[in-house]
Structures are given as C-alpha cells and as structure tokens.
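User: I would like to learn how to read the features of a structural model step by step, with the general idea set out before each case. Could we take one together?

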Amino acid sequence: MPLRSFKLVFARDLRIAFRRVSEWGNPLLFFIAVSGMFPLALSPDRLMMAAGEGELYGLQSLGIGVLWMAALLSALMGLDRLFLSDVEDGSMEQLVLSPAPLLSVVYGKLAAHWLVSALPLIFLVPILGIVYQLPAPALAMIAFAVFLATPTLTVLVAIGAALTVNIRSAAAVIGLIVLPLCSPILIFGARATVLALDGDAAAGPLYLLTSLAFLAVSLGPIAIAAAVRVGLE
Amino acid sequence: MKLPRWFHRFGSPPYVYNLADAIAPWLGWAALVGIAVGAYWGLFVAPPDFRQGEVYRIIYIHPQTAYVGMMAYTLMAVSAGIGFIWRIKLAHAVAVSAAPIGASFTFCALVTGAIWGRPTWGTYWEWGDPRLMFELLLLFLFLGYLALRAAFDDRDKADRVSAVLAVVGVVNVPIIHYSVEWWNTLHQDPTVSNLSEAPSMDTSMLLPFLIMVLGFTLLFYWLLLRRLQAEIIDRERGTRWLQSLANEGAG
C-alpha cells in the first residue's frame, strides 16, 4: 500500500510536470540567467589583474560561489508547484484524506520534484562552470557535489513550501526561512569544489554532504507531512 | 505520554498570568542587582588582561548576549514543540514571547562582537570567523520564524505552522553550528565552557563573568514573563477574568 501510493503520486506528478514544461523550465532558465550574467558585475579583468598575470584563481573561486548560490536560488524559484497548485485545486486534500499514508505521498512528490528540478541542474552547473573557466576536475566535482546536495536542498525547500501554502506573498518568507537552513550544504558543496580546483582530495565534505542527504531524506518528510496537515486544517 | 497532574494548571491563562505577575518583579530586581554588581566588578574592579589589555572586558557583555540568544531559541523551539504535540496554547504563547527577545539578544551579540573585533582583529566584520557567521544565521532563523508568523492572519494556524519551523530549526542549529565551525576557525577557543575542569580564566575575572551570565539570564526571564503577560492579554481579549482584572486595576 505505501509503495503503491508512492508510485502513483510519483507518476502523476511526473506526468503533470511534462505537461507544464515552463513550470520546471523557468527556474532552470533563471539559474542560467543569474550565473551567466554575474560576470557583468564582477569585472573579470580586474579579478585576473589582482591575482597576477595569467592567474585565473580569483575568477574561478568567485565562480564557484556564484554557481552554488544561483543553484540555491533557482531551487527556491521552483517550489511553487510542489504543493500550491495541488492545494488550490483540492487534490492535496484528497491525498491527505485517502487511506494511503501521507508520508509515502510526500516521498512520491519529493522524488518527482527532484527528478524534474534537480537532475537538469546537475548537468547545467558544469556547463555554466565553463563561463568561469573552471578546469575539468572542478567541473566534474561540482556536478557530483550538486548531485549529493540536491536531496537535502529538495527536502528543505519542500519544508518551506509546505509551511507557506496558505500565505499570499510566500516568496520572500520562504527565502528567509529556507536560506539559513541551507548554509551547511552551501559550505560543504563549495568546499568540495574548491578542494578539487586545488587538486586536493575532497572526500571529507562529500561524506558530510552524503550524511546530510540521508538525514534530510529520512527525517525531513515527517516535518513536511506535519506542515501539510496543519496547512489543510 | 502521560502528564503529571499539576501540569494542567499551566494550561490555564489566568493562573499563568497571575503566577508571572507574582514572579516577574523578583526576577527583574534580581537581574538589575546582578547586572549592576557584575558590570561594576567586571569593568572597574577586575584586573586588565595581560595580552588584550582593557579590550577583553567585552567578555562581561558579549558572550552573555550570545548565550541568551541561543537559550531563547532552544526555549522557543521546545515550548513550540510542546504546544504542537499536546495542543497547549500557552506553550505557543511562550514561544512567541521568546522569539523577539532572542532576536534582540542575538543582534546585540553581533554588534558587541563587531565592536570588539575592530581593535582586536582590525576589522568590524571578520569574514571567516565561524561564531560571527553562526550568530548571523541564528538571527536569520529568528527573523524567519517571526516573518512566517506575521504572514498568517489566523493565530491558531500561525502557532502550529511556526512550531513546525521552530522544531526543524532546532534540529538544524547544531548542524549549522558545526558546519560553520568547520568552514573556518579563527575565533579564540572557548575559555569557560567546561566548568568541571579548572577554567583557564582567573577567579578575579571569572566571578564577575558568571555573575553577568546569571544577571542576563534573569533579565531574559523577566522580559519573557512580561511579554508572556502581554501575549496572554492579547489572546484572552474580552474574557471575563481579564475584564474583572481590568476593573480591579481601575477601581
């Protein structure tokens, strides 16, 4: 029963996502726009001057920060459709009332959301990394670190989305409540990428990202289910 | 889980209101005396530090504000969790009352830390100091909680939704703390966190420090009880016991 409801919700959310391409496409375009436009504000020639002739280090380390921050912001952009449209048309209420356990419904929605919003990001981040002249090991590492960070990110964003379904202007509130919670994955993700840029072993931060992902995926949905219940009361 | 029998009285607004009214003056005066004694002792009597000179005297203000901020967050999350699980409205009232006080103390910790950083590190804001960063994130956690509450018109719903956020936040606080610590370490090591071993601070400095900790704790609880009373009045508007209390005061 729990597995079946997970599969049904997962398939349903994926089908809806493929019919509304712009909903999951726009956050990705937003990510490209933010990280692609950042060099306009950075004046890369000065960064390179500061580091010395032929040195790219300043631009590269700034680029790593920009990519991680832009990925975080685009994850915040895309959370509207996670619960809001289902709450508005009443289908969330039916899912809560159904005999299927709410936790498996939440897991199904999270898995579908991760697949359409986070998976493309894993491929987009290294492409945008070329803009910041990151070498191949750092590009591979940032893609892998984003892959490990996105489960946690999806869960945290879903907590924010579940808490704010009843609020009219939710975007600013969500940013304020989710961003501080995201600081550990920002720290470990950026650290792993910088270590790879220097050619050092990056296993430490990767282990920590993985353990955070397991923690978030195992405990987070309990909070999400509680928030969804309260929101519909 | 079964609650002890005396517990139910703490769900009654008039009982808690009167209890707070009786305790608050004691806490307030004790806090005033403690902070006055500790401040005089710490700022005028205690000897200057052999390395930092007079600048070290920030330890009579700054760690106390940081500690009260963290205590306020824990208290807020625990009472919000109690309110959520057992549906006790007064526990939510305690959480709501604690949040602005905790945010203010955390803000004071940031400001006093920056003032201390200028002569010691040569900059108001040392990028790369983990505890400064942690205090900033803690302030955002408080502000996020308050912003989420403010976005709801219905108080019951605000109580229950913000309780979920507070509990999620308190699970994350240690993770954020250690990740920021790991991120970079420049702050001096904690001096008095372990009281079972001999602390590396001299008694002439330690005693006023501990008196200030006590004074700030009392100040926090005094503020908390007064805010709780205001919160109860706001929530119980128009009830009979509150009207008779107001008439008593007028007559």
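**Reading helices, contacts and backbone angles**

Analyst: We can begin at the end of a helix: α3(B) is followed by G122(B), whose phi is positive, near 85°. This is a predicted model, in which local features need pLDDT of at least 70 and side-chain atom pairs count only at pLDDT 80 or more, while totals for chains, interfaces and linings use all residues. Residues are numbered from 1 along each chain as its sequence is written, and chains are lettered from A and ligands numbered from 1 in the order in which they are written.

User: How many residues does helix α3 of chain B have, and what span is expected for them?

Analyst: The expected span of a helix is 1.5 Å times one less than its number of residues. Helix α3 of chain B, residues 89-121, has 33 residues and reaches 46 Å from its first C-alpha to its last, which is close to the 48 Å expected.

User: Which elements make up chain A, and which make up chain B?

Analyst: Helices (H or I, at least four residues) and strands (E, at least two) are taken as DSSP runs and numbered from the N terminus. On that basis chain A has eleven helices and zero strands, and chain B has seven helices and zero strands.

User: What radius of gyration does chain A have, and what would a compact globule have?

Analyst: The radius of gyration is taken over C-alpha atoms, and the globule rule is 2.2 Å times the number of residues to the power 0.38. For the 233 residues of chain A the rule gives a value near 17 Å, and chain A has 19 Å, which agrees. The C-alpha trace of chain A spans about 65 × 35 × 30 Å along its principal axes, and that of chain B spans about 60 × 40 × 35 Å.

User: What share of the residues is buried in chain A, and what share in chain B?

Analyst: A residue is buried if 20 or more other C-beta atoms, placed from the backbone, lie within 10 Å of its own, exposed if 12 or fewer, and partly exposed in between. Buried residues make up 47% of the 233 residues in chain A and 36% of the 251 residues in chain B. An individual case is I222(A), which is found in helix α11 (residues 203-232) of chain A and is partly exposed because 15 other C-beta atoms lie within 10 Å.

User: How do I read the packing of two helices, and at what angle do α4 and α8 of chain A pack?

Analyst: Two packed helices are described by the angle between their axes and the distance between the axes. Axes are lines fitted to C-alpha atoms, for helices over the stretch in contact, and angles run from 0 to 180 degrees between N-to-C directions. Helix α4 (residues 57-77) and helix α8 (residues 136-163) of chain A pack at about 35°, with their axes 11 Å apart. The contact, which requires C-beta atoms placed from the backbone to lie within 7 Å, is made by I64(A), L67(A), A71(A), A75(A) and L76(A) of α4(A) and by I142(A), V146(A), L153(A) and V157(A) of α8(A). By class it has nine nonpolar, no polar and no charged residues, where Ala, Val, Leu, Ile, Met, Phe, Trp, Tyr, Cys and Pro count as nonpolar, Asp, Glu, Lys and Arg as charged, and the others, Gly among them, as polar.

User: How close do the axes of α1 and α7 of chain A come?

Analyst: The axes of helix α1 (residues 2-19) and helix α7 (residues 102-129) of chain A come within 8 Å and cross at roughly 35°. Among the residues that meet are F6(A), V9(A) and F10(A) in α1(A) and Y107(A), A111(A) and L115(A) in α7(A). The residues of this contact divide into twelve nonpolar, three polar and two charged.

User: How many residues of chain B are in contact with chain A?

Analyst: There are 21 residues of chain B in contact with 18 residues of chain A. On the side of chain B that touches chain A, α4 (130-150) and α5 (155-183) of chain B each supply at least two residues, and the largest share, twelve residues, comes from α5(B). That side divides into 16 nonpolar, three polar and two charged residues.

Note on methods. Two residues are in contact if their C-beta atoms, placed from the backbone, lie within 7 Å.
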